[in-house]
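Hello,

Here is the structure we talked about. Please open it alongside this note, then read on for what turned up.

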Amino acid sequence: PVAARELMSEATALDPTFAHAYLERAGMLFADQDQMGALEALRAAQQHDYRLSEPQRFAIKAQRLFFEGQPEQAREAIGQWVALYPDDPDAYLNRAQFLQLRGDYAGMVADYERSLELEPTSVGRYLTIGDTYRNQIGDFDKALAAYRAFLREGSEPDVAYRRIGLTHEDAGQLDSALVAFDQAIAADPENLITLQNKAGVLASLGRFAEAETTLGTMLSRVRTDRERVSANMALAIVLKRQGRYAAGLEAHRAAWAAMRRYGDANTVLVQQAFAAGEYARVGMLAEAKQMVAEAAASPTYETPGFYRANVALSEAYIAAYAREFDTATDRIAIAEDIVDTYDLEQGRPLLNFFEAEVAAARGNYAAAAEPYAVFVASRPPNAGLLARFADVLAGAGRADEARAQYEAALVLVPAHAEALLGLAKLAIADGAIE
């Protein structure tokens with residue numbers, strides 16, 4: 001993507017009126033979530049739109065209006081495009097992207113399906129349709145149907161089988177997921193990410209030795225630091241699921257070292273700050289304090305915004321588990337002020353999470369339960385998160401609700417150690433087992 005953007009920049013440097021190149025560059029910048037850069041490129045394209053077709057002019061107008069904060073006018077522009085060119089697949093694709101931004105995933109899928117009817121050779125759209133059904137709508141049967149259509153019509157069986165495996169995993173059908181991942185590996189033995197997916201399922205089934213062996217194979221085949229990051233991050237998760245937090249931290253550090261080598265130092269520090277809280281909760285306070293201190297020492301910390309709020313929340317988490325409750329309360333107040341000042345909507349669910357964790361560290365589980373419930377509702381299903389929420393509910397004396405959350409965690413990960421332990425504790429408390 002970086003090379004493609006550079007080529008588009010070279011093209012417009014050679015021909016400053018090359019509107020099509022500006023339009024393509026805008027799409028690339030939007031995919032990279034650089035909305036200001038995308039808007040600048042769209043405005044440049046519009047200055048020279050005499051070199052574009054009418055559908056392309058509609059695309060520029062609609063996208064520019066959306067980025068300028070005029071979503072209704074953008075919707076009207078796309079509607080005109082569809083009305084005037086009902087057989088133009090690009091009209092439906094652009095409307096689908098607009099509907100995606102509005103959160104209308106059913107409408108988005110319908111437009112992708114219509115574009116596929118008009119352009120049947122564009123079989124890659126089956127993947128987008130399947131991904132939307134799986135990730136946004138939660139209809140796993142329709143997701144599987146879309147991926148199987150891609151398998152039937154496409155030329156990349158490894159891609160199809162991997163998506164099928166991920167869908168079975170999301171649906172809790174772990175044995176079927178393993179079969180699909182093995183089919184993907186057989187189709188392309190060099191696709192290391194599928195080894196990572198397989199290891200995750202093996203760990204969910206409690207087959208930790210096999211999971212570690214699979215990730216060892218992945219690590220032995222890595223070609224790039226980015227692949228090394230993926231393998232070590234997955235290994236850290238498998239180790240932590242077994243309660244081997246010290247080994248998990250070593251795997252994390254190996255991943256972060258690889259990240260630094262390809263220049264992603266800020267991401268490393270954000271991840272360190274967030275992970276520090278987890279290690280603090282299991283008693284590794286010295287390591288956690290070191291991690292968050294490194295994050296706070298970053299030049300990025302001097303930039304107001306989400307990064308500084310994240311560091312403050314991690315400091316609050318660590319202080320709470322170090323029994324330094326005044327410091328914890330102070331850091332949460334700092335983070336709340338940053339989130340409010342800069343209107344950082346993505347930070348509000350994290351505020352709920354850390355407020356709940358600080359209350360739990362104080363032993364005030366009743367106060368922790370409500371913000372934890374809000375945070376859980378804002379996130380996709382996650383076994384570790386559900387088990388932790390259940391711990392809080394159990395501590396608050398809400399045993400039936402805790403049991404339901406533990407059981408929900410076990411549906412996702414049948415061998416989840418914390419969920420199994422939590423259910424056992426509830427059974428002991430009920431006198432069901434001694």
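One cut-off first: a residue counts as buried when its relative accessible area is under 20%, and as exposed when that value is over 50%. Keep in mind that this is a predicted model.

Start with Thr132. This threonine sits in helix α8, which covers residues 125-137. Its relative accessibility is 4%, so Thr132 counts as buried. Leaving aside residues up to four places away in sequence, Thr132 touches Tyr105, Met108, Val109 and Ile137.

Thr167 is another threonine to look at. Thr167 belongs to helix α10, residues 157-170. Its relative accessibility is 1%, so Thr167 is buried. Residues up to four places away aside, its contacts are Arg134, Phe140, Ala143, Leu144 and Tyr147.

Next, Ala387. Find this alanine in helix α22, residues 383-395. Is Ala387 buried or exposed? Ala387 has 0% relative accessibility, so it counts as buried. Not counting residues up to four places away in sequence, Ala387 touches Tyr406, Ala409, His416, Glu418 and Ala419. Leu7 is 380 residues from Ala387 along the chain, and their C-alpha atoms are separated by 49 Å.

Now the helix pairs. Two packed helices are described by the angle between their axes and the distance between the axes.

Take α4 (residues 54-67) and α5 (residues 71-84). Their packing angle is about 165°, and their axes are 7 Å apart. That angle makes α4 roughly antiparallel to α5. The crossing is left-handed. On the α4 side, the contact is made by Pro55, Phe58, Ala59, Lys61, Ala62, Leu65 and Phe66. On the α5 side, the residues are Pro71, Gln73, Ala74, Ala77, Ile78, Gln80, Trp81 and Leu84.

The other pair is α11 and α12. Here the angle is about 160°, with the axes 9 Å apart. So α11 is roughly antiparallel to α12. This crossing is left-handed. From α11, Leu174, Ala177, Leu178, Phe181, Asp182, Ala184 and Ile185 make the contact. From α12 come Thr194, Leu195, Asn197, Lys198, Val201, Leu202 and Ser204.

Stay with α12 for a moment. This helix runs over residues 192-204 and has 13 residues. From first C-alpha to last it reaches 19 Å, close to the 18 Å expected at 1.5 Å a residue. At its start, a side-chain oxygen of Asn191 comes to within 3.3 Å of the backbone nitrogen of Ile193. Which residues of α12 are buried? They are Leu192, Thr194, Leu195, Asn197, Ala199, Val201, Leu202, Ala203 and Ser204. These buried residues pack against α10, α11 (174-187), α13 (208-221) and α14 (225-241). After the helix comes Gly206, with a positive phi near 80°.

One last backbone detail. Most residues other than glycine have a negative phi. Arg323 is not a glycine, yet its phi is positive, about 65°. Arg323 lies in the loop between α18 (306-321) and α19 (325-341). Its relative accessibility is 53%, so Arg323 counts as exposed.

Best wishes

How values were computed:
Residues are numbered from 1 along each chain as its sequence is written. This is a predicted model: local features need pLDDT of at least 70, side-chain atom pairs count only at pLDDT 80 or more; totals for chains, interfaces and linings use all residues. Side-chain values use heavy atoms; hydrogens and water are left out. Helices (H or I, at least four residues) and strands (E, at least two) are DSSP runs, numbered from the N terminus. Buried means under 20% relative accessible area, exposed over 50%, partly exposed in between (1.4 Å probe, protein chains only). Contact means heavy atoms within 4.5 Å. The expected span of a helix is 1.5 Å times one less than its number of residues. A polar contact is a pair of N or O atoms within 3.5 Å; within protein, one must be able to donate a hydrogen and the other to accept it, and residues adjacent in sequence count only if both atoms are side-chain atoms. Axes are lines fitted to C-alpha atoms, for helices over the stretch in contact, and angles run from 0 to 180 degrees between N-to-C directions. Angles under 35 degrees count as roughly parallel, over 145 as roughly antiparallel, 65 to 115 as roughly perpendicular and the rest as oblique. A crossing is left-handed if the near helix is turned anticlockwise from the far one by less than a right angle, and right-handed if clockwise.
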